[in-house]
Amino acid sequence: MTTSPINAPKRRWRITLLILIFLVACAIAGVAYLLTSVFQHKMEAKNPYLRFVEVTENTTDPEPWGINWPREYDQYKKTVTPTKTNFGGGDAGITTEKAVTFPFLTRMFAGYAFSLDYRDRRGHAYMLLDQEHTRRVTDRPQPGSCLNCHTSITPTYRRLGDGDVQAGFVKLCMLPYQQAHDEVVKTGSLNATWNGTTQQLKHVDGAHPVSCLDCHDPQSMRLRVTRPAFINGIKALKKHEGIEDYDPNRDATRQEMRSYVCAQCHVNYYCGPKIPLLFPWGNGVQVQEVEAYYENFKFPPDPKTGEQHRFYDFIHSETGAEILKARHPEFETWSQGIHARSGVTCADCHMPYTRFGAMKVSDHWVRSPLLMVNNSCQQCHQYPEEEIKARVHIIQTRNFDLLQRAGKSCTDMLDAVKIVRAPFDEANRPAADDKAKAKLAADEAFAKLSPEEQTKKLQSTAQSILNDLWAANVAKTPELHALGELHRKAQWRLDYVAAENSMGFHAPQETARILGESIDYFRQAQLAAQKLAPPPH
Amino acid sequence: MSWPRLSLLASILTVLIGTLLGLGAYTFYYAEGLSYMSNDPAVCTNCHIMNDELASYSKSGHHHVAVCNDCHLPHFLPSKLLAKARNGYNHSKAFTLQDFHEPILIGPKNAEILQENCVRCHENLVHDAILVPAGGAQEAQLCIHCHRNVGHAPIH
């Protein structure tokens, strides 16, 4: 086709118009995209969640909650992911024994279940599984108290206490572990199921690790604390500070609650057979304040002797001292540090806000802030990530070195006591052997063992009889008792830092102070032992 | 090849331009475009990302004497409009495409504006302390280097 010269301007017009049409169409598409984007962000901000299914005070299973709050639930499920920092966590599978890094722990816990099995931490999702399988629980009798923090338990307390959570708590704590575990499984969870278009709540057996219910009100999603041991503990602490009848669910600020929900479990406590789970906060939460509280604490009268013994966790099988066991005092240590002083809570660093579109959600994949420095530390500390990590590394390495040094002072002291004890053991071993033989002769299970196993069993029984004799000797000999008291003070402090999860970061100066005191007490004990040692032949 | 008639193309274009104008106007209205011409601090939370800043600002020592714009925009009208346009473009682009650095950090240009505004009100008090004139100030001389949370907590 040929084009006449007359048509040329018309053609140019057409081309111009077509181009304009194309451009305007693109602009319309762009504006439409913008409009839907604005709409989407407005909607995201308008409905933080949709309540598709009913969740109740008895829905311990997090899955139904996950239908209503999928973002939080997805993050919560990520706690199965193995994470590792310089000083914590581990690779996939069960974590390593702490004694691999801190060999002194095995001797430090001689005579206690912690010498059997004591491993590094894992994510929230594993808390129940790991407890069910630790040798501390499988090989030794443990009380129901242990379950307070390893499972979503309030509905069980309510059921056992006929509506009274506190009464149910006391009841469950005093049950043997397995029996208490069965009760939790029996309580199970009340889950929503759909029957056509109507919803029904159905009971499902089973125990779950920490769950939504433990920190959130199922109606309003407001933060709340549910565990009686914490509620009792914080009440005693506030009373000590001059505040009567403190109820965190009524009196705490939202910011305080962002630490209190974690402090329901991440604290030091007594978990033993003699009394229900106890947070020893009636005299304050500093290391020496808790120690003083324990000094004045008397166990209920012994059913046989009627004696009200002062507080202790176990008798150390090497020194015969009545030892205090410290349990991961994260909340207490944090409270002594600069972050607590500045009003920064657990959740601010361990569950920082993450953004989903126009929504901000606190990250329910609770983990070390070192794994998310930009969301966590950099909110306040606006330095490069490498700089922040380097600062933390310096703090933690210093603490690690001091901790190992304190561990050395512990084993040095134990070696010194060994020399003091040697003549006693020598004198009493024949009697202990006879006693062990007599005891095992009546034991049918012993008779069925192989000769090697019999020898082993005989030896361990005799040793444990000998340890008891030594402990009785320590109790009635003033010099040995004084030595034991130094051991008690020293180990309480060392354990307080060793058990804490932050490698000193939660309060570096306070942690160094505690370790300094620990080393001093261990060396004092070592000196005292050297004075008591028999003269060399 | 045969071309569509000129009048048809013109009609299509007219309809499209009308659509664009209508849709644009509605989007502007729906996105509360007019509110950005105001001085109200609540406008800065239109896209919700500044909620925490607004909350802490409303409890801060400056909330009764200054609004967001007093500190974050120049006071000379043409520069103010220019800064508003520049920030408006950057913010809407970032929020629509969701491609910004978190935590949100103030940029050098905006930090300069902020510094000028600190000095504008507090000049009588600080003129001895300002070693480098505002505008050419280095990071170390910025008031907010130390007084980081005078306006709002650093929650971003």
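This report describes the domains, chain contact and selected local features of a predicted model.

## Basis of the model

Residues are numbered from 1 along each chain as its sequence is written, and chains are lettered from A and ligands numbered from 1 in the order in which they are written. Because the model is predicted, local features need pLDDT of at least 70 and side-chain atom pairs count only at pLDDT 80 or more, while totals for chains, interfaces and linings use all residues.

## Two domains in chain A

Chain A is split into domain 1 (62-381) and domain 2 (389-532), with bounds that come from an automatic or database domain assignment. Between the C-alpha centres of domain 1 and domain 2 of chain A there are 27 Å.

The two domains of chain A touch through 34 residues of domain 1 and 34 residues of domain 2. Two residues are in contact if their C-beta atoms, placed from the backbone, lie within 7 Å. On the side of domain 1 of chain A that touches domain 2 of chain A, at least two residues each come from α5 (104-108), α15 (287-295), β4 (322-323) and α16 (330-334) of chain A. Helices (H or I, at least four residues) and strands (E, at least two) are DSSP runs, numbered from the N terminus. The largest share of this side, four residues, is supplied by α5(A). By class, this side of domain 1 of chain A has 15 nonpolar, 11 polar and eight charged residues. Here Ala, Val, Leu, Ile, Met, Phe, Trp, Tyr, Cys and Pro count as nonpolar, Asp, Glu, Lys and Arg as charged, and the others, Gly among them, as polar.

Chain B has six helices and zero strands. Buried residues make up 11% of its 156 residues. A residue is buried if 20 or more other C-beta atoms lie within 10 Å of its own, exposed if 12 or fewer, and partly exposed in between, with C-beta atoms placed from the backbone. Of the contacts in chain B between residues at least 6 apart in sequence, 55% join residues at least 24 apart.

The contact between the chains takes 23 residues from chain B and 27 residues from chain A. Helix α1 (residues 6-30) of chain B gives the largest share of the chain B side, 13 residues. That side of chain B has 17 nonpolar, five polar and one charged residues.

## A hairpin in chain A

Strands β1 (residues 189-195) and β2 (residues 198-204) of chain A pair in the antiparallel sense over seven bridges; two strands pair if DSSP finds at least two bridges between them. Ser189(A) has Val204(A) in β2(A) as its bridge partner. Two residues stand between the strands of this hairpin, and Gly196(A) takes a positive phi near 65°.

## Two crossing helices

In chain A, the axes of helix α21 (residues 451-476) and helix α22 (residues 478-498) come within 5 Å and cross at roughly 100°. That makes α21(A) roughly perpendicular to α22(A), a term for angles of 65 to 115 degrees. Axes are lines fitted to C-alpha atoms, for helices over the stretch in contact, and angles run from 0 to 180 degrees between N-to-C directions.

Asn473(A), Val474(A) and Ala475(A) in α21(A) meet Leu480(A), His481(A) and Gly484(A) in α22(A). The residues of this contact divide into three nonpolar, three polar and no charged.

## Leu532 of chain A

Leu532(A) lies in helix α23 (residues 508-532) of chain A. Leu532(A) is partly exposed, with 17 other C-beta atoms within 10 Å. Not counting residues up to four places away in sequence, Leu532(A) touches Val420(A) and Glu479(A).

Notes:
Angles under 35 degrees count as roughly parallel, over 145 as roughly antiparallel, 65 to 115 as roughly perpendicular and the rest as oblique.
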